[in-house]
Amino acid sequence: MKNYLKLDEWLIIEDGFHPEYQEISESIFSIGNGHMGQRANFEEDYSGPSLQGSYLAGVYYPDKTQVGWWKNGYPEYFAKVINSTNWIGIHVKIDGVVLDLATCPVNNFKRVLNMREGYLSRTFVATLPSGVEVKVEALRFVSMTRPEIGAIRYRITPLNREAVVTLTPYLDGDVMNRDSNHGEKFWEEVNRTNQMDSATLTMKTKKLDFYVTTATAVELLMDNAPIILEPVLVDKDHTVTLFKYAASATSRDHAVEDLVSQSEKRVQEAKAMGFDQLLSEQREAWKNKWNDSDIVITGDVAAQQGIRFNIFQLNQTYTGDDERLNIGPKGFTGEKYGGSTYWDTEAYCLPFYLSTSAQEIARNLLIYRYRHLEKAKENASKLGFKRGALYPMVTMNGEECHNEWEITFEEIHRNGAIAYAIYNYVNYTGDAEYLGEYGFEVLVEISRFWAERVNYSQSKNKYVILGVTGPNEYENNVNNNWYTNRMASWTMEYTLEVMRNLQESHPQRLHELVEKLGIESSETKKWQDIIANMYYPMDQEAGLFLQQDGFLDKVIIPATAINPSEVPINQHWSWDRILRSCYIKQADVLQGLFFLGDRYDLETKRRNFDFYEPLTVHESSLSPCVHSILACELGYRDKAYELYLRTSRLDLNDYNNDTEDGCHITSMAGTWMSVVYGFGGFRVQEGRVHLTPFLMAHWESYSFKLMFRGARINVIVKKDTVTIHNETSVEVPLTLYHQNYQLKANESLTVETTSARMIG
Ligand code: BGC
């Protein structure tokens, strides 16, 4: 755990240069706008350790798979979002010497991520070998309103004497991925143009033919007067300012032959508008984002900074206006996980976008999987299934990219999360039309997969699911993972329920779908039989759902007994030792109790939480949030808070010692849930907003916003009162502490809280 960043409500601050943490800072201070993003690399040259990263959403490369022992069914490629043209670069020389913070004393260094206004800034004073001291002030952002545009203002002021300053802004397409499987470069140059104050560079991926043109335009000022770009003598205390604008246009959005003209046009527009105007647009755009999604916590700066950092990164990663895109676990902050889509989106991210953005944005996340249905069917067929769809564990275009048998073939619970997301979306929005249009087809194909994946065990007289990996990846190839079995039968139940509802509301559409999908009554009967006779491993006496058949054969010792010098265990123990241990990477049984929370009583949740949480090492970023939510429900407030801090400050404090690879973007939506679903007790049931909020004793208050079926409410929780304000003209059916209300247009409801209520 690291503590080198300063606490602040709206800013992330590195005060004083920490070169030993440079790659961590590069992840944390990343910026993005849904279309593109980049790590917080320096504009000037830097010869210290650094992971260069500039990414364009949806521009990926099928990197040839590398495995030790090939298994039939493995995919040939791992599609990864790739490092692309570096547009931020500026070679800086002072009196002919390269400015490089790895080679000279640096003072007054301050790097700031301004989350309120959406930009990254950096100031420092460097002393060059000649003795000249220069102050540098750099500020950059990628525009939220003009997704292809990025802008930099880079200022240099000699402090103790005059200096000759040479600035050479450049575009560099000769970039690599550190995780390239075969040390290969993914890009080739197509074309470049170069003028005194502008340039374009067109690159093409060696496979799949993604074309990207980056256009740049620059402007140089001495104090406030424009000058031309060549070495300039700058007097002491005078400032030379370089503005660098860039536009990155891709063949995903433009015809290849238009890329140069389109990117030039956009960059010249940006330059004509000027940096200040672009920045004020940026501030306005972020103001609106915060108006929809901010969570305010008073009385606890660490908690406040943590949650804002999570919300900021989520808004930077996915804006939802392009249904071809999804949310990579590292967003635009690193290479790990290849920028691909995981079950994280459905299991963790969807609720954030449902509650903080327009409905279409969450819908687009679902449509993304609908578009991949044929590929998911191909995937199942490739593995030997006659029917049904197995969605990939990791994907870019619907094809499986992952190639570790225990995950690729066994972590099939991901199918359950995709079905659950459809339920979650429809339950939240009331958009039942979605089911007839898209959702039902996905549900049927997933149910078909489950129906074929189970087998009937004669000895148990039940249906079983053998050879799986549950969400807890620290056990592989287990039989009857409770969570997987539960989600499988739940999917079939829900599919049948949707079928009944469609029969009532849209019989004609159902008829068409039954024809199209070839559903026969023998098939639905089989699903009913599986639902009625699914096997769930249990310890009846202790009232526990067992993570898998053999879980109780393990030596059960709480995780607190692990020597602290050996955590995270995945960085210290052999894989064999981990697999045999009782330690759990992330919520597994408890994930099921969270998803299907309305079907289990508090005592069942408590027994299972009390047993599993102490065995959980939370070494997946996705872990603490679910536990924190359940701990809130159970009234374990200190535990909830401990886990909340762990999830919300996971990257800021580098809890899992891996932030240098990139930030844990998908778990950030889990952090949001741990406030809203955890402390706020938010659920949607039967078209009503349910809330049972409580306040941590050391917090003064907190508030959050929820968009719900065309309305937006602001929930403000204080020591003695809860106020809910309807900010719109749409009425909201609300259940607060189990009492029903109808919150009228622009109406506020305040209730006094008693300690009994505060436990919910
Ligand atoms: C987790 C998975 C998750 C993946 C990407 C892994 O460490 O165990 O559940 O999908 O990370 O976030």
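User: In β9, which residue is the bridge partner of glutamate 14?
Analyst: Arginine 111 is the partner of glutamate 14 there. This is a predicted model, where local features need pLDDT of at least 70, side-chain atom pairs count only at pLDDT 80 or more, and totals for chains, interfaces and linings use all residues. Numbering starts from 1 along each chain as its sequence is written, and side-chain values use heavy atoms, without hydrogens and water.

User: How many bridges pair strand β2 with strand β9?
Analyst: Strands of a sheet pair through backbone hydrogen bonds, either parallel or antiparallel. Pairing takes at least two bridges found by DSSP. Strands are DSSP runs (E, at least two residues), and helices are H or I runs of at least four, numbered from the N terminus. Here β2 (residues 11-15) and β9 (residues 106-114) share five bridges, in the antiparallel sense.

User: What joins β9 to β10?
Analyst: Seven bridges do, and the two strands run antiparallel. Strand β10 covers residues 119-127. Leucine 113 faces leucine 120 in β10. The β9 and β10 hairpin has four residues between its strands. Look there at glycine 118, whose phi is positive, near 80°.

User: Where does leucine 208 lie?
Analyst: Leucine 208 is in the loop between β15 (198-205) and β16 (211-222). Its phi is positive too, about 70°, although leucine 208 is not a glycine.

User: Which residues does the cis peptide bond join?
Analyst: Valine 567 and proline 568, with omega about -5°. Proline 568 belongs to the loop from β24 (544-545) to α14 (575-580).

User: What is the strand order in the open sheet of four strands?
Analyst: Read β8-β7-β13-β18, with antiparallel pairing. The edges are β8 (97-98) and β18 (232-234), each pairing on one side only. Strand β7 (residues 90-94) meets β8 over two bridges, antiparallel. Valine 97 in β8 is the bridge partner of isoleucine 94.

User: Which residues are around the ligand?
Analyst: A residue counts if one of its heavy atoms lies within 4 Å. The residues around the ligand are Pro329, Tyr337, Tyr342, Trp343, Asp344, Glu473, Lys585, Gln586, Ser620 and Leu622.

User: How far from an oxygen atom of the ligand is a polar side-chain atom of tyrosine 337?
Analyst: The distance is 3.4 Å. For a polar contact, look for a pair of N or O atoms within 3.5 Å. Tryptophan 343 puts a polar side-chain atom 3.0 Å from a ligand oxygen. Alone, the ligand exposes 310 Å² (Shrake-Rupley, 1.4 Å probe). The protein buries 93% of that.

Methods:
A polar contact is a pair of N or O atoms within 3.5 Å; within protein, one must be able to donate a hydrogen and the other to accept it, and residues adjacent in sequence count only if both atoms are side-chain atoms.
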